[in-house]
Amino acid sequence: MKKALLILLLVFLAVGMLFVGCKPKEEAAEAAPAEEVQDTLVYATTDKISDMDPANAYDFHTWELFRNINVGLLRYKPGTTELIPGLASEYSANDAGDEFTFKLREGLKFSDGTPFNAEAVKWSIERVMNIAGDPSWLVTDFVDSVEAVDEYTVRFNLQGPVGFFPALVATVPYFPVNPEIFPADRWINDPSELEGGQISGMGPYKVVSFKRDEEVILEANTEFYGNAPAINRIVIRYYADATTMRLALENNEVDLVYKDLNPSDKVDLIANDAYNNYEIASSYIRYLCFETSESYFKDKRLRQAVAAMIDRQPLIDKVFLGQMEPLYSMVPKGMSWHTDDFKTELGDGNIELAESLLEEAGYSADNPFEFELWYTPSHYGDTEVDMAEVLREQMEKSDLLDVTVKSAEWSTYIDNWDTKTMPSFLLGWYPDYMDPDNYTAAFAGTSGSAGMGIYFSDPDWDALFKKEQTSVDQNVRAEVFKEIQMAWTDEVPTAPIFQGKLYIFTQPNVKGVVVGTDMVLHYDTLYFE
Amino acid sequence: MKRLLRYAVIRILLTIPMLFILLSLVFFVLRVMPGDPVKAMLGAHAPPEVIEQKRQELGLDKPMGVQYVEYIGQLARFDLGDSMIYKQRVIQPIREKLPATLELAVVGMLFTLLFGIPLGAFSASKRRSARDLGIRLYGNVVYCIPVYWMGLMLQLIFGIWLGWLPVAGRTGGRVFPSLFERTGFYVIDTIITGNYAALGNVLTHLLLPSITLGIVLSGVFVRLTRANMLDILKSDYIIAGRARGLPERKLVYSHALKNALIPILTMMGLQFALLLANAVLTETTFSWPGMARLLLERIYLRDYPTVQGVIVIFALTVSLISLMVDLIYALIDPRVKY
């Protein structure tokens with residue numbers, strides 16, 4: 001009997017092991033990098049990868065990865081907002097500004113050796129348009145068609161003049177992908193879905209191993225047209241917890257940490273001479289949105305009042321330990337034509353102005369204006385709940401305001417935009433392209449605003465946006481953006497709060513950290529001292 | 001033997017209604033939770049017609065009852081389905097992550113027993129002494145400590161202050177699992193492939209998270225062992241042994257403890273479920289790429305099939321462990337008959 005039992009138990013164990021452990025032979029036989037190498041940098045982050053496909057990836061970290069494993073026709077000079085040639089050696093536009101022609105570099109190949117040409121560009125753009133993924137509007141809102149004029153010349157025919165089209169071309173949805181391996185009719189999540197199971201690009205690095213939410217291993221791409229990177233291998237390690245990531249840096253398990261540590265961890269690491277720290281003036285912004293079509297915030301006086309009560313510096317000091325910068329316009333500092341109109345028109349913690357507006361709208365200490373302030377607890381980091389609470393405290397310094405703080409997970413949060421559940425809610429924004437249009441039309445143009453749960457619509461504003469989008473005259477655009485920023489303090493579809501500062505921490509022997517206001521970390525400039 | 005086999009078969013068959021009830025609950029709770037998985041997948045800018053097309057593709061436009069019947073039918077064919085968010089079979093990430101969690105759970109349980117049983121036995125043998133009180137206090141305190149906090153403190157002390165152990169991950173940043181990974185159990189894989197440098201690295205990474213789990217659960221076993229030991233130490237044969245002059249240490253640890261282990265064995269099966277629950281926080285704290293972290297991430301993404309699949313596997317694992325424990329119980333104690 002005991003023997004039978006033992007056999008039974010062994011059978012259970014064996015079945016369990018078989019089910020769990022056996023990997024198909026082809027997986028175990030995947031090409032493996034060399035074991036322990038000197039020339040490896042371990043980069044830690046709490047960010048996540050979404051889809052390994054330019055047709056649907058629309059988050060900061062995945063775009064950063066794409067900017068290192070692939071290149072656009074144009075790209076930003078590392079550390080700057082200056083557009084320089086990428087896969088295209090030059091470009092020209094017609095006088096009307098609705099036709100852009102790019103001359104491609106000749107002889108380039110994808111990292112798997114597939115030749116690159118104008119047909120690949122055309123195929124890639126049409127693919128993005130057909131698939132209609134999340135970031136496809138960056139193409140479909142502007143491009144009418146793409147032609148391969150000859151083997152190395154491609155022409156974009158636009159729906160109308162677009163003054164900032166070169167900046168759009170530098171965005172990830174415009175990156176050419178290998179037509180031999182990517183499916184034409186759907187986006188992919190993982191490289192394993194591609195023909196051959198590996199993603200190929202034309203950037204300084206290529207992906208050699210991909211384990212979602214664990215690690216991505218990159219190696220130098222020998223087909224890259226530019227200079228070979230100094231560090232042959234980059235291992236991106238994904239951490240679930242910011243504190244653990246900090247400990248990993250202090251334990252010398254990782255070489256570089258970027259996005260994102262808790263404010264207190266940043267303060268400690270900055271004070272510690274054992275690590276290099278880099279402060280990046282970023283173009284990431286945080287702001288308060290109002291649902292302007294059906295909620296009580298239809299009345300712009302209430303939006304102005306709430307916006308006037310925001311006291312930016314104390315909030316930054318309390319929640320972020322002073323690591324952000326107050327923002328008085330949706331257009332961040334450092335971007336063209338930025339103004340500080342919210343400071344001059346509404347101020348900070350301006351109880352007097354807020355109360356006069358509220359009284360005008362019929363509220364009083366006996367009949368305060370009650371409203372809901374929503375936040376999402378994990379999408380923007382652990383500080384979000386504190387930020388919402390501090391804002392509530394600031395608002396309730398006035399007896400005429402009564403704030404209820406509510407929260408929803410990210411998937412519910414974006415669902416709530418459609419159902420107009422949230423009268424006011426906190427959001428953040430990383431730019432798609434480095435132009436003030438990306439910080440304004442997306443929130444206050446009729447179609448963009450509806451997509452963000454704000455539902456602001458004003459034909460005069462739409463006309464202004466149309467004017468700046470279709471003008472190639474920078475003076476005209478400058479005037480429009482000045483007008484829009486001032487008008488923003490009157491209509492207040494959103495209230496800017498602060499502009500982010502990002503920090504990178506490295507071991508002392510890691511050098512060459514180059515990050516501009518586009519916040520993209522360029523792996524190919526890194527080196528060990 | 002027939003009786004035992006019959007018992008085992010009945011237990012296995014009883015797992016089916018248990019799973020059915022559990023999955024039905026999970027199925028409906030997930031679908032009434034706020035948050036649209038299609039919008040989470042496609043993003044806020046996707047056109048409405050694309051959203052609708054995706055909803056149809058995933059079968060989410062069908063009535064909930066129809067979805068439920070289709071899902072149960074799929075399960076009856078042992079098919080966990082496809083992820084709603086990523087284009088992969090549900091079984092794929094489970095197969096990748098389950099060994100990590102099992103490895104952590106097994107070693108965690110070992111530490112639980114390593115801390116809990118000797119301390120409980122010692123406490124019983126020194127009843128009403130200061131040491132007994134201290135150990136009972138330890139048992140209560142560690143059981144109350146949140147596993148997340150325990151993990152952070154161990155990381156701080158052993159990882160940072162002392163610099164003895166790594167604080168996160170299954171391997172160091174400069175060790176590549178693809179070189180030795182065969183079964184997914186890295187301890188076994190490094191031995192199989194003879195990669196002893198990697199074995200050392202894997203074991204050092206396994207220590208802190210498993211000790212965290214082990215310490216937190218050891219409190220239960222301290223109390224249980226102590227209680228059982230106190231009963232057994234009053235038994236006639238123990239008294240007789242003392243009368244015959246047998247050393248106290250031998251009486252306590254060779255004779256009494258063996259008999260005290262039987263109910264502890266049963267508790268191991270029950271505590272395994274708690275171990276898996278604590279694994280969610282432990283895997284997050286230590287960035288351990290296991291099933292619990294997978295579950296958490298897929299809940300955020302509203303990936304219904306993967307969430308359901310992970311819960312099926314968790315339930316099956318707990319049932320299997322529980323059954324194994326009962327069978328071992330019968331092995332150890334010939335008085336036990338089913």
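The largest nonpolar core takes in 224 residues, with A:Tyr43, A:Ala44, A:Ile234, A:Ala248 and A:Val257 making the most contacts inside it. A core here is a set of buried Ala, Val, Leu, Ile, Met, Phe, Trp, Tyr and Cys residues joined through C-beta atoms within 7 Å; buried means 20 or more other C-beta atoms within 10 Å of a residue's own, with C-beta atoms placed from the backbone. Helix H5 of chain B (residues 91–125) gives this core its largest share, 12 residues. A second, separate core has 8 residues, including B:Phe180 and B:Leu206.

This is a predicted model, so local features need pLDDT of at least 70 and side-chain atom pairs 80 or more, while totals for chains, interfaces and linings use all residues. Residues are numbered from 1 along each chain as its sequence is written, and chains are lettered from A in the order written.

Between the chains, 54 residues of chain A are in contact with 57 of chain B (C-beta atoms, placed from the backbone, within 7 Å). H1(A) brings the largest share of chain A's side, 10 residues. That side splits into 27 nonpolar, 11 polar and 16 charged residues.

Within chain B, helices H9 (residues 196–232) and H11 (residues 248–285) pack at about 155°, axes 9 Å apart, and are therefore roughly antiparallel (angles over 145 degrees, on a 0 to 180 scale between N-to-C directions). Their contact counts 17 nonpolar, 7 polar and no charged residues.

Conventions. Contact = placed C-beta atoms within 7 Å. Helix = DSSP H or I, 4+ residues; strand = E, 2+ residues; numbered from the N terminus. Nonpolar A, V, L, I, M, F, W, Y, C, P; charged D, E, K, R; others polar. Parallel < 35°, antiparallel > 145°, perpendicular 65-115°, else oblique. Buried ≥ 20, exposed ≤ 12 C-beta atoms within 10 Å, placed from the backbone.
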